[in-house]
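Hello,

Here is the structure we talked about handing over. My notes on it follow below.

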Amino acid sequence: MRVAVVGAGVSGLTAIKCCLDEGLEPTCFEQSRDIGGLWRYTTTVVSVRKHPDFATTGQWDVVTEADGKQTSHIFDAIMVCSGNFSEPSLPLHCFPGIERFQGQYFHSRQYKHPDVFQGKRVLVVGMGNSGVDIAVEASRVAAKVTVCTSRGAWVLSRVFDHGYPWDMVFNTRLMSLIRNSLPGPLSWGLINYRVNQWFNHENYGLQPEKSCLVREPVLNDDLPSYILTGRITIKPSVKEFKDNSVVFHNCPEEEPIDIVVFCTGYNVSFPFLEEAVVKVENKHASLYKYVFPTHLQKPTLAVLGLIKPLGAIMPVTEMQARWVTRVFKGLCQLPPQSVMEKEVNEKKKNQVQWFGLSFDEVLKTDCLVYMDKLASFIGAKPSVLGLLCRDPRLALTVFFGPCTPYQYRLGGPGRWEGARRAILTQWDRTLKPTRTRVPTSSSSPCPSLLTVVGFLLLLAAVVFGFQ
């Protein structure tokens with residue numbers, strides 16, 4: 001089966017790998033000069049159209065252009081691969097990570113301070129990860145940096161409890177169970193309390209306007225200190241731009257501005273597809289599980305990476321690709337069209353209730369819940385109860401520890417023999433880049449010995465207390 005993969009970014013490369021794993025024949029189209037997508041800023045896809053015999057074959061015509069010449073290709077299935085994400089710390093399911101990297105987070109934005117900001121008064125419009133990153137970098141050389149936001153944002157440090165990476169602490173099965181089992185108001189209250197433990201967001205002008213809505217957190221370790229020292233100022237949304245100044249809402253004074261940087265998100269569009277193939281309304285594409293159009297006669301078109309998980313996107317797109325390739329091969333079946341459309345509409349309503357309808361909020365979802373659902377479709381979802389009977393140590397690590405993608409390689413198609421060891425040693429790889437100096441006393445057996453002795457004394461006290 002021939003599969004066209006549109007885009008050679010992270011999602012596209014993952015799609016190619018999963019196609020090869022399933023014995024499919026992928027051909028990738030990328031308009032830039034190299035692979036990597038957003039991480040690496042030229043054959044171009046001009047259009048993707050249904051083949052005349054689509055109703056019976058499910059095939060597509062892909063029209064490409066190279067050196068001014070257009071060529072038509074016929075493919076049995078299409079994967080449209082997109083994705084925009086912040087720094088991931090979780091590797092792919094079958095790749096345990098590299099210990100030699102310095103630090104936990106990979107950055108695509110390893111740039112020098114732009115000369116254009118030197119000595120200027122800079123206004124950054126938008127409070128997402130990109131906007132905050134640009135504001136922090138610009139403040140190192142700019143005369144003044146102002147960030148305007150209409151709704152505020154929760155700001156998290158990458159260094160979480162006890163110095164561990166935030167997503168290794170946040171994305172666990174235990175934490176997911178707590179978040180999804182508590183009533184909405186209680187869950188929101190805990191989120192408010194938790195994110196304000198680092199610093200009081202209201203005192204820094206960052207408190208979200210509607211704190212009952214779940215917002216994607218901004219990950220930045222510098223922003224609070226930069227606000228505290230006056231290098232960055234937070235303002236409400238822009239009311240009016242003038243020749244060399246700006247007026248903010250609820251602020252009568254004009255503020256002089258030299259440069260404006262807009263970090264206000266993006267619109268979802270598929271310019272090479274017929275509008276009826278993937279319907280986009282209110283920045284929301286009607287896709288079953290964020291992947292499959294609901295109205296096609298044959299499930300031979302899939303969109304990967306058009307999602308904003310509250311976690312790393314690379315494992316999510318890999319799970320999408322694993323599911324998609326098995327649907328293409330006929331090993332997994334999609335539900336009837338009416339069922340898919342009903343779920344898409346209900347999901348949209350729930351997303352508005354939880355996240356609000358602005359920018360790409362409708363694309364956001366709980367990473368662990370979503371991956372578990374897709375994994376269940378292909379028989380790769382881990383069973384904690386089953387593991388508890390066969391391998392208690394692994395079961396406890398899977399439930400209480402970080403939900404790293406190796407869990408989805410313990411069984412099912414694509415099972416990996418090294419998954420168990422990778423799960424049990426994940427903290428060793430996580431901490432190795434930071435443990436560059438180990439004090440001699442840290443290897444002392446005294447703490448462990450004291451713990452054992454204390455436990456024995458407590459046990460003896462309990463036993464003798466009942467005699």
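Two strands are taken to pair if DSSP finds at least two bridges between them. Please keep in mind that this is a predicted model.

E7 runs parallel to strand E15 (residues 259-262), and 4 bridges join them. Within this pairing, Val122 stands opposite Ile259 of E15. E7 also runs parallel to strand E8 (residues 144-148), here with 5 bridges, and Val124 faces Val147 of E8 across that pairing. Helix H3 (residues 129-138) belongs with these two strands: E7, H3 and E8 form a β-α-β unit that is right-handed. Of the 5 residues of E7, 4 are buried, so the strand is largely enclosed by the rest of the structure.

For the protein overall, there are 15 helices and 22 strands. Its length is 467 residues, of which 46% are buried. The exposed surface comes to about 24300 Å², with carbon and sulfur atoms supplying 55% of it.

I also looked at the cysteines. The structure has 0 disulfides. Cys148 is in none: the nearest cysteine sulfur belongs to Cys263 and lies 9.9 Å away, whereas a disulfide needs the two sulfur atoms within 2.5 Å. Cys148 has a relative accessibility of 3%, so this residue counts as buried. Cys367 is likewise in no disulfide, the nearest cysteine sulfur being that of Cys403 at 7.4 Å. With 8% relative accessibility, Cys367 counts as buried because the cut-off is under 20%.

Regards

Definitions and conventions:
Residues are numbered from 1 along each chain as its sequence is written. This is a predicted model: local features need pLDDT of at least 70, side-chain atom pairs count only at pLDDT 80 or more; totals for chains, interfaces and linings use all residues. Side-chain values use heavy atoms; hydrogens and water are left out. Buried means under 20% relative accessible area, exposed over 50%, partly exposed in between (1.4 Å probe, protein chains only). Accessible areas come from the Shrake-Rupley method with a 1.4 Å probe; for residues, only the protein chains shown count as cover. A crossover is right-handed if, with the strands pointing away from the viewer, the path from the first strand over the helix to the second runs clockwise.
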